[in-house]
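Here are my notes on the model. Please read them with the structure open.

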Amino acid sequence: MSVSAPPEEVLDVLRRQDPQIADVLLGEARRQAETLQLIAAENFTSPAVLATLGSPLANKYAEGYPGARHHGGCEYADAAERIAVERATALFGADHANLQPHSGSSAVLAAYAALLRPGDTVLAMGLEHGGHLTHGSPANFSGRWFDFVPYGVDAETGLIDYEQVAALARHHRPTAIVCGSISYPRHPDYALFRAVADEVGAYLIADAAHPIGLVAGGAAPNPVPYADVVCATTHKVLRGPRGGMLLCRAELAERVDRAVFPFTQGGAQMHTIAAKAVALGEASTPAFTAYAHRVVEHARVLAAALAAEGFALTTGGTDTHLITADPAPLGVDGRTARARLSAAGLVLDTCALPYGDGRGIRLGTAAVTTQGMGAPEMAGIAALFTAALRDEPEETARVRAEVRQLTSSFPPYGR
Ligand SMILES: *Cc1c(COP(=O)(O)O)cnc(C)c1O
């Protein structure tokens, strides 16, 4: 990538009018450029995606769908959404796509609205085992409005306990089964989930928010042939604007569309939908296929290097962009680790540990791979982790300097 972002001209306008917010944007751009973005759900969108987000389509009201809007002047909005839908259906082999969900959570809400009634029973991964808030958290609409039954991972292997999934499905006869996770580093067995759902007459909802970008690049199995509805985000490995997406079979298209608008959302965000189209165009290229495979290769290298440094990896490794680990063998818990790593310029998340006492750490390789880093850099990053966790001021300063040097060699938006 060869232009700076946000574009200098845009910043100049803002600087003159609102220096306070201009400083915030510049500070954030600098933070992203000078620290390592290892949050598994984050990435760097292309300058083309950023430009589309900042375009006049942001001004347009477009409730409804192409050809059937509640507002005038929608010819370009319609064109943008039609292109986005065509690119998504072609890329993922789906009959139908809805690009309007404002976020991954909105996509899940719409999937439930399309298939369920309040009070229905839903089988999903428990939150302590890697489920998302929308998979039955009592703090979320899902836990309030549906009766969630949690399944989990095996205590020894960390892998999904499919015998438990089948046993719970037979016992509870759920209306829907949800597969997908915020922290599972392996591929769900979609065929097996489909077989269990068929046996008990349940819908299968795949929440592929994390791996959908790997699916786009052929680096992870595609849930589309197995799930009734696939929920996704567009801003994680897929590298588009922040937002959600739904994919489904033709028979469910109308129910899914009506579940998004008018049931759970109002006007579509047309600048975001156009930016989703740009990202889907990028994701359809051989360059993106190579990127997706590199992301997984880098996660494997980083995971192996972290294991060598003493981290206890969940499931012993990864097949995806995502790594979860317990730092306890290095004498710290997840929260302490996140704070010490952050102080050294290594930005990542904590995560629940299904069977541990404390929390673990969760990280991914999507953003650093977009920056152009390779396998040698991944091995180097693992060594920086151990140094930063020692909590010695000189070591923290040394790691920070090494992170600066590394990021200046791989600037996210060129120079
Ligand atoms: C990220 C994620 C979501 C939610 O996406 P938001 O855009 O943050 O609402 C939902 N489900 C899973 C499994 C996720 O990983």
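1. Four bridges tie strand β12 (residues 322-326) to strand β15 (residues 359-364), and the two run antiparallel. Within this pair, Leu322 sits opposite Gly364 of β15. Strands pair here if DSSP finds at least two bridges between them. Helices (H or I, at least four residues) and strands (E, at least two) are DSSP runs, numbered from the N terminus.

2. This is a predicted model: local features need pLDDT of at least 70, side-chain atom pairs count only at pLDDT 80 or more, and totals for chains, interfaces and linings use all residues. Residues are numbered from 1 along each chain as its sequence is written.

3. The open sheet has four strands, ordered β11-β12-β15-β14, with antiparallel pairing. β11 (312-313) and β14 (349-352) are at the edges with a single partner strand each, so one side of each has no neighbour in the sheet.

4. Two helices lie across these strands. Helix α12 (residues 286-309) lies across β11, β12 and β15, at about 10° to β12. Helix α13 (residues 334-343) lies across β14 and β15, at about 45° to β15. Axes are lines fitted to C-alpha atoms, for helices over the stretch in contact; angles run from 0 to 180 degrees between N-to-C directions. Contact means C-beta atoms, placed from the backbone, within 7 Å.

5. The domain assignment gives domain 1 (56-283) and domain 2 (287-409). Such bounds come from an automatic or database assignment. The domain centres, taken over C-alpha atoms, are 28 Å apart. The contact takes 27 residues from domain 1 and 23 residues from domain 2. On the domain 1 side, α9 (212-216) and α11 (270-283) are the elements that give two or more residues. α9 gives the most, with three residues. That side divides into 12 nonpolar, 10 polar and five charged residues.

6. Ala, Val, Leu, Ile, Met, Phe, Trp, Tyr, Cys and Pro count as nonpolar, Asp, Glu, Lys and Arg as charged, and the others, Gly among them, as polar.
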